Amino acid sequence: MVHPGYRKRTIFLLVALLLVRFWFAQTFELSGQEAYLWLQGHGTNLSPAYWERGPLVPFLIRVGTTFFGDTELGVRWLAAVICCCSGFVLFYLARHWFNARAAFWTVVLFIVIPIYAWKFSFMTEATVSTGLMALALVAFCRAVEEDKVWWWLLGGTACGMALLVALPNAWWMAGLLLYFAVNPERRPRLFEALLWSTIIFTCLFLLPIIWWWHGPQVADVAHTHILNAWPLSHSFSLNQGFHFIWTEIFYLSVPFFILMAVVLWRLGRQLWDDPRYALLVCLALPGLAWLNFSAFFHEGRFELVPALFLPLILLVGCYTARLTQVDRLAKWIVGGVFVLAAVQSFCGLNPFYIVAKPDGQGYQITRTRSGENVTGFDSDKRQISWRNLADHVVQIQRDVGATLIITDSTSMASALSFYLPRNPFVYVVSKPDVITHFDFWPSYDQSASPNDSALFISRSNDTTAPADIVKNFANVAQLEDPPFPDFDKSWSIWNCQQFIVPVQPTDAAQAKPMPDNDALPK
């Protein structure tokens with residue numbers, strides 16, 4: 001059946017979306033997670049293969065700021081481009097498998113589902129992983145059908161770059177192997193050279209990280225990272241696991257989640273027999289199963305979930321588009337799901353009522369101190385504002401004569417570094433068994449001079465400063481009434497006076513050999 005005009009509608013829709021996202025990217029502050037990735041990409045002491053977050057997203061942010069500067073738009077404009085390009089890839093694949101009508105409505109579904117409408121507002125691992133998953137979908141689809149080298153090469157490249165976003169994206173390749181294993185007719189292809197050549201090619205993208213792991217710059221922290229990153233090494237928690245699952249359902253929107261479950265149930269055995277549906281399900285299933293299982297051990301990474309749901313969005317969109325052509329009731333039901341998902345997405349994106357959470361995990365309603373909803377947009381009434389904090393920190397620095405800024409979280413330190421360009425190094429109090437890219441920079445006790453003062457900023461409810469702060473400054477006193485607006489009293493600030501220079505070891509002490517467990521790496 002021919003459906004004229006859907007390609008033009010898709011082009012108009014996605015180009016309009018691109019322009020709207022370019023505008024929207026400038027309307028709210030960076031999240032703490034975005035600021036952290038921005039700072040990682042601008043650090044002078046970091047290798048491009050740094051393992052703590054993956055080098056690809058910081059590199060893309062570095063590219064973005066080259067064009068638009070260190071601004072919100074500079075950090076996020078590539079997220080808008082990735083969103084638009086992903087929509088075109090979904091349209092191409094759905095039209096190839098089904099028809100232009102199914103492809104258009106699949107793109108509309110992709111746009112209105114909250115998990116993508118919200119996550120594509122940030123430049124994080126979720127955005128880049130989703131774009132690479134779209135590329136992997138079309139590459140593996142054509143590779144399975146035509147068995148051409150260049151399609152396998154494209155799929156391997158997409159999966160390899162996804163490994164440079166986050167190592168758990170290796171589950172994508174496990175899904176490809178599952179696709180050939182679940183059907184007896186496809187199992188002989190498990191022994192084809194092109195398939196395993198693609199897997200080997202994908203693994204080659206890990207070489208920079210492996211090389212860096214063996215370098216002297218991480219010799220003193222690599223063992224800590226490996227022990228903490230070992231799968232299922234954390235405690236079991238039912239509450240954490242079910243919270244992760246509920247977050248997935250909420251971000252997908254509850255009506256769409258129910259629709260997706262119904263579609264998968266109706267397809268039944270066809271999910272595994274039809275090569276189109278089987279490929280989509282298999283690419284998503286291993287990663288989703290692992291992330292939801294590991295969430296019960298405090299190890300679920302929600303940033304990787306949107307990419308894994310993308311094949312299922314394509315499956316549900318194409319199936320329901322075909323179903324609504326022959327069933328009038330289905331048309332009304334699916335239309336209602338679209339509307340409810342769009343309303344939820346709009347509520348989360350409305351800058352008059354919603355602001356981004358500082359950790360990048362979605363949005364929150366703006367509130368006054370009394371807890372009542374704010375009924376209009378006023379930047380001075382935002383509950384959390386990195387820019388407001390930066391402005392007041394500058395004022396406090398001037399009042400007390402502080403030369404250093406120290407925080408208790410990497411997100412806060414990164415955000416202050418972004419909004420305080422004259423303070424490129426905002427320091428972080430180190431935490432046991434926690435390794436971040438700040439550990440590879442000179443710490444404040446290496447940069448401070450005698451009698452230097454500092455501001456220590458925290459969001460905790462503790463009434464005393466950490467021991468590391470107390471031992472490094474002669475006088476540490478909490479500011480009783482920081483000059484913040486009434487709505488934002490959650491920041492705790494300590495005035496730290498007279499930095500204590502660490503005692504240098506004498507020549508005799510230096511000559512004395514250190515025990516092996518205390519020795520520093522050469």
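**Figure 1. Strand S5 is largely enclosed by the rest of the structure, because 5 of its 5 residues are buried.** Buried means under 20% relative accessible area, exposed means over 50%, and partly exposed lies in between, with a 1.4 Å probe and protein chains only. Helices (H or I, at least four residues) and strands (E, at least two) are DSSP runs, numbered from the N terminus. Both faces of S5 are covered: Ala454, Phe456 and Ser458 are buried on one side, and Leu455 and Ile457 are buried on the other. The model is predicted, so local features need pLDDT of at least 70 and side-chain atom pairs count only at pLDDT 80 or more, whereas totals for chains, interfaces and linings use all residues. Residues are numbered from 1 along each chain as its sequence is written, and side-chain values use heavy atoms, with hydrogens and water left out.

**Figure 2. S5 belongs to an open sheet of 5 strands in the order S4-S3-S5-S7-S6, with mixed pairing.** Two strands pair if DSSP finds at least two bridges between them. S3 and S5 run parallel and are joined by 4 bridges; threonine 407 has isoleucine 457 in S5 as its bridge partner. S5 and S7 run antiparallel and are joined by 5 bridges, and here phenylalanine 456 has tryptophan 494 in S7 as its bridge partner.

**Figure 3. Strands S4 (427-428) and S6 (473-478) form the edges of the sheet, each pairing on one side only.** The pairing of S6 with strand S7 (residues 492-499) is antiparallel and extends over 5 bridges. Within this view, asparagine 475 stands opposite glutamine 497 in S7.

**Figure 4. Helix H19 (residues 386-400) packs on the sheet.** H19 touches strand S3 (404-407), strand S5 (454-458) and S7, where contact means heavy atoms within 4.5 Å. The direction of H19 makes about 145 degrees with that of S5. Axes are lines fitted to C-alpha atoms, for helices over the stretch in contact, and angles run from 0 to 180 degrees between N-to-C directions. Helix H20 (residues 410-419) lies across S3, S4 and S5 and runs at about 145 degrees to S3.

**Figure 5. Glutamine 498 and serine 253 are two residues with positive phi.** Most residues other than glycine have a negative phi. Glutamine 498, in strand S7, has a phi of about 60 degrees although it is not a glycine. Its relative accessible area is 42%, so glutamine 498 is partly exposed. Serine 253 has a phi near 80 degrees and lies in the loop between helix H13 (238-252) and helix H14 (254-267). Serine 253 counts as buried because its relative accessibility is 0%.

**Figure 6. Helices H4 (residues 72-97) and H5 (residues 100-112) have axes that come within 8 Å and cross at roughly 150 degrees.** H4 is therefore roughly antiparallel to H5; angles under 35 degrees count as roughly parallel, over 145 as roughly antiparallel, 65 to 115 as roughly perpendicular and the rest as oblique. From H4, the contact involves Cys83, Ser86, Gly87, Leu90, Phe91, Ala94 and Arg95. From H5, the contact involves Ala100, Ala103, Phe104, Thr106, Val107 and Phe110. These contact residues comprise 9 nonpolar, 3 polar and 1 charged. Ala, Val, Leu, Ile, Met, Phe, Trp, Tyr, Cys and Pro count as nonpolar, Asp, Glu, Lys and Arg as charged, and the others, Gly among them, as polar.

**Figure 7. The axes of H8 and helix H10 (residues 193-203) come within 8 Å and cross at roughly 30 degrees.** H8 is therefore roughly parallel to H10. In H8, the residues Val149, Trp152, Leu153, Gly156, Thr157, Cys159, Gly160 and Leu163 take part in the contact. They meet Leu194, Leu195, Thr198, Phe201 and Thr202 in H10. By class, this contact has 8 nonpolar, 5 polar and no charged residues.

**Figure 8. Tryptophan 151 lies in helix H8 (residues 149-163).** Tryptophan 151 has a relative accessible area of 17% and is buried. Leaving aside its neighbours within four places in sequence, tryptophan 151 is in contact with Val138, Ala139, Arg142, Ala143 and Glu146. The C-alpha atoms of tryptophan 151 and alanine 136 are separated by 9.4 Å, with the two residues 15 apart along the chain.
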